[in-house]
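I opened my notebook to look through this structure, starting with its nonpolar cores. Here is what I looked up, entry by entry.

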Amino acid sequence: MTATQDGPVTAPAVRATPAQIAQIKQRAAILSVMATILLTGAKIVGAIVSGSLALLTDALQGLVDVGSTLFTWFAVRASDKPADDEHHYGHGKVEALAALVETAILFTLAGAILWEAGNRLWNSIVEHVSVTPLVIGVMLLSMIVDAIRWRSLTKVAKETGSEALAGEATHFSADFVGSALVLVGLIGVWKGFERADTIAAFAIAAYTAFSAYRLARRVLDTLMDAAPIGVSEKLREAAESVPGVVGINWLRVRPAGGRVHGELGISVSRTLPLERVTAIKAELAAALLKAEPDADITITADPVAVNDETALERVLLIALKLRIPVHHVTVHSIGDKLSVSLDMEVDAELPLGEAHEIATRLESAIRAEFGGETEVETHIEPMEIGQPHGHNAAWETVEDIGKALAGEAAKLNGPIHDIHSVRVRQTAKGLVVNYHCRVDPALDVAAVHAAVDAIERAVRIARPQVCRLVSHAEPAVSSVA
């Protein structure tokens, strides 16, 4: 459901499924075939009865219409086939080819009409045209049916994006105007102007040629993969609004079978984890679909170094790419040079020679990133691959260490207070202590860390069996009097 600030909540329009769209297009095409056959038969009878060149031209055009509408129907059915191994983008351009055939038919008809009408004028041939109620009725019926088909096919073509049905709609717009001109010519003959029928044929030819020209321009744009007007701008604007998209590298779109296919290349920060990049692409795909519901866009993400990327982030990224665990990374500027030091973890059972090769590879990658003059120092530490077993320490031990932590916090009279949730585990290497404490939320992280270190250092000196202390500082909740 969607709502505006001032308006009521309204339900969004439900889009038809591809199968429903295919059914709508095919039904419109077959109804057009049936109507064309009936009208063409009526026009042929009227032309024979009246002897009108304009009406005969219109009837002959109707015969061609039967073939073109049948071709359109087959084209619509073929275009709805799904993509396969030979046609990765589907069969949508079959409709553009059908529309191109429609264009050729319209130009051919215009040429034939001009030839016959010109021949009559040049040789001063005046055919007797009989204007009867039957003929007038046929023309009025033809105009009504053509108007209905013109309107309905135009609507279906817009809803489904069908080039073939758009071509048929253009064709029937020419038929409607042609029938109207035939009727004007017949009225002129009835009023005594014998050349009115021939002049009407000229007018029909001119309008048919103009309709063919308009259709040809649209169809050629589709076949030449011309980007639909305004679509690129909408997609680019939607992409730039998605958080995490650093830039747009390229955007290529083309129409096919009532849909817009394309490729979009974006830049993302190279420091982002793969899961975050995947999430950005999913969010971007949803934004593009919202901006252009008929778009099928393939998204490619390229990692780049952004302007606000810190030296620490770059070092961590290098280690991540090499799959080398690091910690305690420090980066300093020493004059014009950069100094990097870090702790690197490797398998505890790895020979020193192999561990040193890993360290050398990491150092070389960091120098390649920042320059050959960069100082890089690595401290190799053993990493526990397995999961050592441990168990909860005795309650007396937990109580003793908890009191020690609280006592040191009170003795230092620092920002740390309310020591709680103390847990002590006995491991093969000693006691591992986890605890929570509260701190003024306005205090910066560096000050909190220094205060915690002072407490833990004093506890470890007094109790050497403690091998590790892990604290979790929580912001203190101020009490309201």
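Entry 1, the cores. I take a nonpolar core to be a set of buried Ala, Val, Leu, Ile, Met, Phe, Trp, Tyr and Cys residues joined through side-chain atoms within 4.5 Å. I keep in mind that this is a predicted model. The largest nonpolar core has 22 residues, and I found that Leu-405, Ile-416, Val-424, Val-433 and Tyr-435 touch the most other members. At least two residues of this core come from each of helix 11 (395-412), strand 8 (417-427), strand 9 (430-439), helix 12 (445-462) and strand 10 (466-475). I also noted a second, separate core of 20 residues, with Val-268, Ile-280, Leu-288 and Ala-295 among them.

I left aside neighbours within four places in sequence and listed the contacts of Tyr-435, including Leu-405, Ile-419, Val-452, Glu-456 and Leu-469.

I checked helix 9 (residues 311-322) against helix 10 (residues 352-370): their axes come within 10 Å and cross at roughly 135°. Angles over 145 degrees would count as roughly antiparallel, so helix 9 and helix 10 are oblique to each other. The crossing of helix 9 with helix 10 is right-handed. Among the residues that meet there, I picked out Val-315 and Ile-318 in helix 9, and Leu-362 and Ile-366 in helix 10. The contact residues divide into nine nonpolar, no polar and three charged.

Most residues other than glycine have a negative phi. I found Arg-323 with phi near 60°, in the loop between helix 9 and strand 4 (326-334). Arg-323 is exposed, at 77% relative accessible area. His-328, in strand 4, has a positive phi of about 50°. His-328 also counts as exposed, at 60% relative accessibility.

Note on methods:
Residues numbered from 1 in each chain as written. Predicted model: local features only at pLDDT ≥ 70, side-chain atom pairs only at ≥ 80, totals over all residues. Heavy atoms only, no water. Buried < 20%, exposed > 50% of the residue type's maximum accessible area, 1.4 Å probe, protein only. Helix = DSSP H or I, 4+ residues; strand = E, 2+ residues; numbered from the N terminus. Contact = heavy atoms within 4.5 Å. Axes fitted to C-alpha atoms, helices over the stretch in contact; angles between N-to-C directions. Parallel < 35°, antiparallel > 145°, perpendicular 65-115°, else oblique. Left-handed = near helix turned anticlockwise from the far one by under 90°. Nonpolar A, V, L, I, M, F, W, Y, C, P; charged D, E, K, R; others polar.
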